[in-house]
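Here's a quick tour of a fold, strand by strand and helix by helix. Have the sequence and the model open as you read.

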Amino acid sequence: MLLISYDISNDKLRTRFSKFIMKYGHRLQYSLYEIRNSKRVLNNIQIAIENDFAKQFDETDSVMIFMMSKHCKIKKYGYAKHRDEELIIL
């Protein structure tokens, strides 16, 4: 799993980046996304950031990618604890 967090000051660039990241995963919080990853997905994301976005970032913008292993423990509270439960509709 990947966690991608960003802080981008330009509204248009931030919206474009958010839409780009949504193609690969889902939003956990406003600027935090969870992505079920493979090396290919990670590579595609990094190439797109380097080629399409990084040149437009200013000195206050940041993007961080956290590569989580299967052994990482995540404790969830509130709404977040229900996100992994399957929904069954009869």
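## The sheet

Strand β1 (residues 2-7) is joined to β4 by 6 bridges, and the two run antiparallel. Along that pairing, S5 sits opposite M64 in β4. Strands count as paired here if DSSP finds at least two bridges between them. This is a predicted model, where local features need pLDDT of at least 70, side-chain atom pairs count only at pLDDT 80 or more, and totals for chains, interfaces and linings use all residues. Residues are numbered from 1 along each chain as its sequence is written, and side-chain values use heavy atoms, with hydrogens and water left out.

Step back and you get an open sheet of 4 strands in the order β2-β3-β1-β4, with antiparallel pairing. At the edges are β2 (26-29) and β4 (62-67), each pairing on one side only. From one strand to the next, the twist averages 25°. Strands (E, at least two residues) and helices (H or I, at least four) are DSSP runs, numbered from the N terminus.

## The helices

Helix α1 (residues 11-22) lies across β1, β2, β3 (32-35) and β4, running at about 170° to β1. Helix α2 (residues 39-53) also packs on the sheet: α2 touches β1, β3 and β4, and its direction makes about 170° with that of β4. Contact means heavy atoms within 4.5 Å. Axes are lines fitted to C-alpha atoms (for helices, over the stretch in contact), and angles run from 0 to 180 degrees between N-to-C directions.
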